[in-house]
Amino acid sequence: LSAGEVLKNLNKFYKRKEIQRLGAENGLDARLFHQAFISFRKYIMESSSVSADLHIILNDICCGAGNVCLLGHVDDLFPFFLRHAKQIFPMLDCMDDLRKISDLRLPPNWYPDARAIQRKIIFHAGPTNSGKTYHAIQRFLSAKSGIYCGPLKLLAHEIFQKSNDANVPCDLVTGEERVYANEDARQAPHIACTIEMCSTNTPYEVAVIDEIQMIRDPARGWAWTRALLGLCAEEIHVCGEAAAIDLVTELMYTTGEEVEVRNYKRLTPLTVLDYALESLDNLRPGDCIVCFSKNDIYSVSRQIEARGLECAVIYGSLPPGTKLEQAKKFNDPDDPCKILVATDAIGMGLNLCIKRIIFNSIVKPTINEKGEKEIDSITTSQALQIAGRAGRYGSSFKQGEVTTMHRDDLMQLKEILSEPVRPVKAAGLHPTPEQIEMFAYHLPDATLSNLIDIFVSLSQVDGLYFVCNIDDFKFLADMIQHIPLNLRSRYVFCTAPLNRKEPFVCTMLLKFARQFSRNEPLTFDWLCRHTKWPLAAPKNIKELVHLEAVHDVFDLYLWLSYRFMDMFPDAVLVRDIQKKLDDIIQVGVCNITKLIRASQSAAAPGTAEVVSEDFPLSRTKRGTGAVSDRRGIKSPEALSVAVEVPGERRAKNLKAFRSAARQEDLKSHGRGSLANRLLREGLLTQEMLRQLESEWQDQHRNGRYGLGSKRDDQNSSKETGKKKK
């Protein structure tokens, strides 16, 4: 047979609409159909021999081409194509079963215990500092039994403390911790928990679901959906933004339950000032500067202390104990610390006496539903959540104020705050272990990552729901794929709460899984050996960041200890050293400006730990372009950046910025502090950095662009002038 003739007929087969329709009927969507055809074509074109029946069909098609009475038609290839497709996509043989398993259109039916009772749903709607959660908690405390479900360990711990202080025995349940109110470890009638840990089988009189607007969260939204639909309580008190009222009402309509809405207004006034701060010299006691990157936290805090002021520091990766200590330090009227520098971590979970919120920037890097990093202005919801922390009811400040660090951000902040909050449109869902196990039964040779991919591609949801982003799950599934684990254990390891951008934590999870697979218990001594415990107080920022990572590893051990008690047997000992580590981290954070100075003085060119002093208050202006994360999903788009130089003089335009940045950063061929900042923020990858360095060196040698070429041009013109003279 002529290879050219065979290829031509195969391509004709691929383009036929009838064949594509037949493929769809057999479970091959456009993507799978294309992949199956590429494989089928490669099999035919590259095989030394094909089966006799397929050879006969190909011969008939090729020989009959052009004849009036055709011996064969390209459509005759379809049975052979489908047979080949089923070999590379085994799920095609059980597609109907898989579609039934991944049908997510009726989530209320997953919770028969909740559907067996008629629940009363009460929505407490209002902004930050309106008392909405307070009223729900009062009902929780007066009930015979109750459960509080919050987004953070700090919030669960606060309700746990309040309940027991009010002589209402209450247990604390988080992923890493169980604290019983009763000394005999008997379960109390009240429970305060992180929302992922709530039980949908235990009956309660009252349940409180806090921050309900997080039901739209791309990663964690499923936990709020599960709690709202599945909690078995006579009364469900839902607290959050009014933007979620319509969605909650629609979801409850599908369960046959009515929603009573109680609206609340802010208890203290909040004023948006008509002027920006502009200089740190204008700070006052009770001020909180909100930054959206650790580097800005480091930089701003150092500048504040250079002015002889003390400041507290709070950011997301700090342990809860350290956050509470820093909040206590800031709130204490007798403590000289009167300024707070924080990320948006202050938006939830901490009671702070703030007079004025100052946005250092109004842009924030976020991860969209596709897992891509984007740089854009903060949303109205985020701005209100953060700004609302000023002037808390019951604090020493009866009125809150909000402004920006930079004058040209203030108008935009006012616009953001004046816009209505976008309504919450859909609730998150996540495949359950049981659903994945049923998939594995049908597809025994598929990896867990592939099972998840197939599940998501086949899943059907109605307009009220969406499937949550499972990139973190898949990342861990791929990372431990080579380790022999049963499916249920593998699933548990992949749902571990872990920041995949922390290499040390990822490495330790890998070691945990490997040791677990050998059926060797992970003892206290084993953990100390692999984390090099005991650890000293940090001498620079890099060491502080490592201590935070070790704290996360201890959290990971504790989380796994509640799921595999026999394999992680030393939870009590690990909790003890975690408290000691928390104290060490607190010392580091209290001396954070010393650590920054040590980092900068010790860093050789190309290894700077933090932002250079010459760029203290970096910020990125409004932009909507997606930028690449570590996987390089999208290439960076142009971003306009304004940088503040010494003495807080602002760079007026891009040319001035390039000049300053080039003098500081390109001295070390693009590897200075600016490069490190861009790497940490995900705007630049190591590969891109190497390529830029190479291009800069080539172009600098050739004198083709930048300051170097200008300098060369000026030098050459001077030389020419001398010769003329």
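A: This is a predicted model, and its protein chain has an average pLDDT of 84, with 81% of the residues scoring at least 70. Over residues 604-672, however, the pLDDT is below 50, although the model gives this stretch 161 contacts beyond near neighbours in sequence. Residues 704-725 also stay under 50 in pLDDT, and for them the model has 14 contacts beyond four places in sequence.

Turning to the helix pair, helix α3, which covers residues 30-46, packs with helix α5, residues 78-88, at an angle of about 105°, and their axes lie 9 Å apart. Because angles of 65 to 115 degrees count as roughly perpendicular, α3 is roughly perpendicular to α5. On the side of α3, the contact is made by Phe33, Gln35, Ala36, Phe37, Ser39, Phe40 and Tyr43, while α5 contributes Phe80, Phe81, His84, Ala85 and Ile88.

His430 has its place in the loop between β17 (427-429) and α16 (433-442), and with a relative accessible area of 16% His430 is buried, because buried means under 20%. Leaving aside residues up to four places away in sequence, His430 touches Trp222, Gln435, Ile470 and Tyr491. The C-alpha atoms of His430 and Asn469 are separated by 8.5 Å, and these two residues are 39 residues apart along the chain.

Key
Residues numbered from 1 in each chain as written. Predicted model: local features only at pLDDT ≥ 70, side-chain atom pairs only at ≥ 80, totals over all residues. Heavy atoms only, no water. pLDDT = per-residue confidence, 0-100. Contact = heavy atoms within 4.5 Å. Axes fitted to C-alpha atoms, helices over the stretch in contact; angles between N-to-C directions. Helix = DSSP H or I, 4+ residues; strand = E, 2+ residues; numbered from the N terminus. Parallel < 35°, antiparallel > 145°, perpendicular 65-115°, else oblique. Buried < 20%, exposed > 50% of the residue type's maximum accessible area, 1.4 Å probe, protein only.
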